[in-house]
Amino acid sequence: MFNIDHKKVRKNKQTAVNQTKVIVFKTVQAVQNYVNEQKAKGLSIGFVPTMGALHAGHISLINKSVQETNICICSIFVNPTQFNNITDLEKYPKTADADIKLLLEAGCHVLFMPPVEEMYPTGLLKNTEDFGLITTLLEGEKRPGHFDGVKTIVAKLFDIVKPTKTFFGQKDYQQVMVVAELIKRHYPTIQLCIEPTVRHEDGLAMSSRNVRLNKMQREEATAISKAMFYIQENWGLHTIEQLVQNALIFIGANKSLQVEYFNVYNSETLELLSGNSSAHLKAVILAAVFCGEVRLIDNLIIKP
Ligand code: AMP
């Protein structure tokens, strides 16, 4: 079903551990012991943090880690402190058995799947260090406290796994900016690898939340990426305002969709862009759109 490079998986098996199963750890101590043993052997650690309900987007990160590091560790933890909506947290899909099967097929060595008490032994406290505009605009504004939760859990996981390289998806554009800042400030030895968004054939970005869409919502959700691709294809031909307006009309024709934000921003500062589109060389479309009750996010970096 997914693009699994078996040659690379086999190569990795020889260089690292005998891969007949994914080792599942549920405690911090057990992972730390394992990581220390592997590092003592001089092996590099690749780390892919996830919230589970794995799909080909996650597996693309695992594939990359398997190619580039000796030991691939994936975590599955539905982090309560990054959810600002209790229904979203409660309805987050959980598919552990299927996840483990996919991880094994992809050549992942270790799955860290801790219970909440293991990650938050003293309560659901968040790291509130100020990261500036990248945490307060857009997702930061619409999901108050979300990035504090992200910073908190990613830092805890980095402290435990001590990865050589960590792999994140561009699908979560602002999250990548926040993780890059976290690494720059506190984990300068970790190498951040950002991987492209994996999409369904019809263009919808893969997301664990897509399984919550009914048939009509699933069809209508494709308008989000189509609208982004329209802007990319017509970049330089119209002003940004015209492009965005046309895109919003296209999305608005779908009953299930309600736009929270959909616009073009400076890809480094997140400043809203306007005017002559060809004048902007660093642009990204960022979108958050409700499809029924399900909130979908997507983005596209403009290639001028
Ligand atoms: P999540 O389980 O949603 O927290 O995502 C875990 C990691 O997978 C994050 O780095 C995401 O950006 C990445 N990811 C999620 N969806 C995709 C996708 N469609 N393509 C590539 N990476 C993705």
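A: Strands β3 and β4 pair in the parallel sense over 3 bridges; strands are DSSP runs of E with at least two residues, helices runs of H or I with at least four, numbered from the N terminus, and pairing requires at least two DSSP bridges. The model is predicted, so local features need pLDDT of at least 70 and side-chain atom pairs 80 or more, while totals for chains, interfaces and linings use all residues. Residues are numbered from 1 along each chain as its sequence is written, and side-chain values use heavy atoms, without hydrogens or water.

Serine 75 has phenylalanine 112, in β4, as its bridge partner. Both strands belong to an open sheet of 6 strands with parallel pairing, in the order β1-β4-β3-β2-β5-β6. At its edges stand β1 and β6 (191–195), each pairing on one side only. Neighbouring strands are turned against each other by 25° on average, direction ignored.

Helix α2 lies across β1, β2, β3 and β4 and runs at about 130° to β1 (axes are lines fitted to C-alpha atoms, for helices over the stretch in contact; angles between N-to-C directions run from 0 to 180 degrees). Val28, Val31, Tyr34, Val35 and Gln38 are the buried residues of α2, buried meaning under 20% relative accessible area with a 1.4 Å probe, protein chains only. Because these residues cover an arc of only 135° around the axis, they sit on the same side of α2; the arc is that of the directions from the axis to the C-beta atoms. Their cover includes β3 (71–76), β4 (110–112) and α9 (146–161), through contacts of heavy atoms within 4.5 Å. Just after α2, glycine 42 takes a positive phi of about 85°. Cysteine 72 counts as buried, because its relative accessibility is 0%.

Technical notes:
Buried < 20%, exposed > 50% of the residue type's maximum accessible area, 1.4 Å probe, protein only.
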